[in-house]
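The sequence and the coordinates are shown first, and the description follows.

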Amino acid sequence: MAAVQDAVDIRNVTKRYGSFTALDGVSLGIADNEFFTLLGPSGCGKTTLLRMIAGFEEITQGEIRLFGDPIAGRDPNHRPVNTVFQHYALFPHMTVRDNVAFGLKMKGMDAASRRARAERMLEMVHLSAFADRMPAQLSGGQQQRVALARALAPEPRVLLLDEPLSALDLKLRQAMRVELKQLQEETGITFIFVTHDQEEALTMSDRIAVMSAGQVQQIGTAREIYEAPVNRFVADFIGETNLIEVEVTRVDGDRAEVVLPGGHRLTCPSASRTGGRHALSIRPERMSVVAEAGADMLAVVERVVYLGTDLQLMVRLEGGAEFHVRLQNSARIAVPEPGARIGLRIEDGAARLLAD
Amino acid sequence: MSRGVRHYPGFGWMTVLCLVILYAPLIVVTVYSFNGSTSITTWGGFSLRWYVDVFTGPEAPRFKAAAWNSLTIALIAATVATAIATAAAVAMHRAGGFRGRSLTFALINLPLMVPEIVVAVATLIFFTMVGITTGYMTILIAHITFCIPFAYLPIAARLQGIDEGYEQAARDLYAGRGQAFFLVLLPLMLPGVISGYLLAFIISLDDFIITNFVKGAGMETLPTAIFGSVKQGIKPNIMAISTLMLAVSAVFVTLSYLVNRVGRKSP
Ligand SMILES: Nc1ncnc2c1ncn2[C@@H]1O[C@H](COP(=O)(O)OP(=O)(O)OP(=O)(O)O)[C@@H](O)[C@H]1O
Ligand SMILES: [Mg+2]
C-alpha cells in the first residue's frame, strides 16, 4: 500500500472499440497536487484515457480510482473532476460570466456567491473586462482562458486538460505554459495534461507518461525520460537523438560495453540486460568535435545547418550511418566545412543502450 | 471550370415555364380577390368588398367557426408534434446506436413518403375500427401524427450540427441529464425547434385530404369549409379567403426560413 493516496489510480485499464484496442493494460498512479502529463503521438489513446477519468467512456477492463474510490458507473456529474476540452466547448448562448458560473450553479451555489466567484476566476485569468461578452466575441487565447476559469471555478480535485494549447500560436502557447504551471501550483489541484508536444510536456510537468499505441512506454520526470529513455520509441519521441545499431560485447548490471562504428569500444548506461545487437541512443547536443586522434568515432561532414543559437552538423560515420551533432553557436568554435573529416567525442552520459 | 447551370441548353425557357405553371394561378387568385365585380372572370375595378364579405357576408359564421377550429388544431398539433419530434431527434442523434434505429428513422419519416390519400383512408378505417367518433379529436390526432416528420426534419438537421462536446461540458460541470438538456442542448437547438414548429403549424393549417376524411359531419376546418363552399360554385369571396391563407402561409414559411438562417450563423 502506498503511504500517500494517489489522486488518480489507473489499474490495468483496457479500452476496446469493437475489435480495436485503443488502450492496452494502462497502469498509472497520479499523485495529489501533481502536474502530470500524458504525452504521445496522435491516436495513442490520450483523449480516451482522459474521457474515462471524466466519465464519458466506459472502461472495458480494469479499474480507475479517484482518491481511493472506484468510479466505474458514476456519472460525469458525480465525479470531482473537471475538463478543459480540446476545443473548449464554451456554451455559445451564455456570456463569459455565465459560462464560468455554470458549474457553481449546478452545484447549488447561490447567485451572489456564484457571481463573486466567477469574477474572481476571471480575474485570475486576466479576463475581468470580458465578463459580459459572448464566447464568439473572444479570441482563441481568451476562449482558452475562459475554459480554464470555467473548469477551475467549482474547485475540482482533478483538472483534465486535453491539448488546451494546441489551437494557440507559438508565443501565446509559451506564455500559457508558464501561466498554467503557476495556476497549478497556486490552486494545488492535480492537473492531468494531455499533449503530443514534447517541449510542452518537458517544460511544465512534474512527471510525464510517454504513451504509444495504447500503452504506457515510460513514466518519469522530464529529466528521467529525456536522459534515461527505456526504449527506442521514447528516445526517438523525446527530443532529438541518433539511433545506431551496435554490437553489445559485455553486460554488467545496468551498464554495457558496445562496439561503436569504426571499432572503438564504449561503456555506457544500458536499459537492456541482454547481449547481441541493440540500438544505441546518442543525444546530438552531447557530442563534441575533436581531433581525429582522441576521437570515439570518425565522420565526414555533409551539411552544416545554421539554427541561430545552435549549429547542426549532418555527418556520415565510418560504416555509412547518418549522424547529427548539435553545437552551441559560440564565436569560439571552428565550424567544420562540408567534406571535412572530423573526430567526434561522446560526452559522459550522452550515450545509452536501449531495450527494444 | 464550371460553366454554371445557366449555360445548359433550355435552362431559360424551362425556368420560365415552371414559374408560370407554379405561380400564375396564385397571382390570378390574388389579383381577382380585389375584383370589384361579382363575376370571377371579368375585372370590375379594385375593391375590398370580397374581404368584407368574408368577415360579414352570409358565409361569415361558417368561415369563422372553421377558422377557429383550424387555428386551435394547428396550435395544439404543432406544439405536441414539435415536442415529440424534439424527443425523437434527441433519441436518434444522441442516444448512440440502438437496435432498430434505422427502422425508427423510417417510421418517423414514413408519412412524407406514403400518398396522403392512403394515410387518410387508413386513418379513417383505424378510427372506425377502434370506435372513436370522428370530429375535432380525430382531426387533432391525425394532424399531430402527420406533423411529426415535418417538425422532425429541421430539428434533426439542427441537432446534427451541434457538437456533443457542449452537453459533455455541461455534464462535466455537474449538470444532470435533464439540466444538460434544458440548459444547454435545447437552447442551442432552439432555431431548429422553432423552425419545425412553424412548419408543422402551417402543414396542419393547410391540410385538406386527411382532414376531410376524419372530420366527421358538421365539423369544418378552413380548407374543408372552402372546399364545401366551392362545390356550390366559385364566388369571389373564396379568392379573398384563399389569398388570406396564402398570406399566412407565406409569413410562416418566411419566418421558418429566417429563424433557420439566424440559427445557422450562431453555432
Ligand atoms: N468512438 C470510437 N470508436 C472507435 N475508435 C475510436 C473511438 N474513439 C477513439 N477511437 C480510436 O482510439 C484511438 C485513440 O484515440 P484518442 O482520441 O484517444 O487518441 P489521442 O491520443 O487523443 O490522439 P490525438 O492526439 O490525435 O487527439 C484512435 O486510434 C482512435 O481512432
Ligand atoms: Mg486527443
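Chain B contains 11 helices and 0 strands. Read along the sequence, the pattern of chain B is α-α-α-α-α-α-α-α-α-α-α. Along the principal axes, the C-alpha atoms of chain B fill a box of roughly 70 × 65 × 30 Å. The model is predicted, and side-chain atom pairs were counted only at pLDDT 80 or more.

**A loop residue of chain B**

Glu220(B) is placed in the loop between helix H9 (209–214) and helix H10 (222–231) of chain B. When residues up to four places away in sequence are left out, Glu220(B) touches Arg62(B), Ala66(B), Asn69(B), Lys215(B) and Ala225(B). The side chain of Glu220(B) is also joined to that of Thr224(B) by a polar contact of 2.6 Å. Leu75(B) lies 145 residues from Glu220(B) along the chain, and the C-alpha atoms of these two residues are separated by 16 Å.

**The interface of chain A and chain B**

The contact between the two chains draws 26 residues from chain A and 18 residues from chain B. Together, chain A and chain B bury about 1,900 Å², and 65% of this area is on carbon and sulfur atoms. Of the area that chain A buries against chain B, 29% is supplied by Asn77(A), Pro92(A) and Met106(A), more than by any other three residues.

Between chain A and chain B, 8 residue pairs are in polar contact, with both residues at pLDDT 80 or more. On the side of chain A that touches chain B, the elements giving two or more residues are helix H1 (46–54), strand E6 (81–84), helix H2 (96–106) and helix H4 (140–152) of chain A. The residues on that side of chain A divide into 16 nonpolar, 5 polar and 5 charged.

**Salt bridges**

Side chains of opposite charge can pair when their charged atoms come close. Over all chains, the count comes to 29 salt bridges. Across the interface of chain A and chain B, 1 salt bridge is found. Which side chains meet in a salt bridge between chain A and chain B? They are those of Asp75(A) and Arg171(B), at 3.5 Å from N to O.

Within chain A, Arg223(A) forms a salt bridge with Glu227(A), and their closest N and O atoms are 3.7 Å apart. Both Arg223(A) and Glu227(A) belong to helix H7 (residues 222–227) of chain A, where they are 4 residues apart, about one turn of the helix.

The residues around ligand 1 are Tyr17(A), Phe20(A), Ala22(A), Ser42(A), Gly43(A), Cys44(A), Gly45(A), Lys46(A), Thr47(A), Thr48(A) and Glu163(A). This shell divides into 4 nonpolar, 5 polar and 2 charged residues. The table lists distances from polar side-chain atoms of the protein to atoms of ligand 1.

| Residue (polar side-chain atom) | Atom of ligand 1 | Distance |
|---|---|---|
| Tyr17(A) | nitrogen | 3.4 Å |
| Ser42(A) | oxygen | 2.4 Å |
| Glu163(A) | oxygen | 3.0 Å |

Taken alone, ligand 1 exposes 640 Å², of which the protein buries 61%. Strand E2 (20–31) and H1 of chain A are the elements that give two or more residues to the shell around ligand 1. With 3 residues, H1(A) gives the most to this shell.

Notes: Residues numbered from 1 in each chain as written. Chains lettered and ligands numbered in written order. Heavy atoms only, no water. Contact = heavy atoms within 4.5 Å. Buried area = accessible area lost by both parts, 1.4 Å probe. Salt bridge = Lys/Arg side-chain N within 4 Å of Asp/Glu carboxyl O. Polar contact = N/O pair within 3.5 Å; in protein donor to acceptor, adjacent residues only side chain to side chain. Nonpolar A, V, L, I, M, F, W, Y, C, P; charged D, E, K, R; others polar. Near = heavy atom within 4 Å. Areas by Shrake-Rupley, 256 points an atom, 1.4 Å probe, with all protein chains shown as cover.
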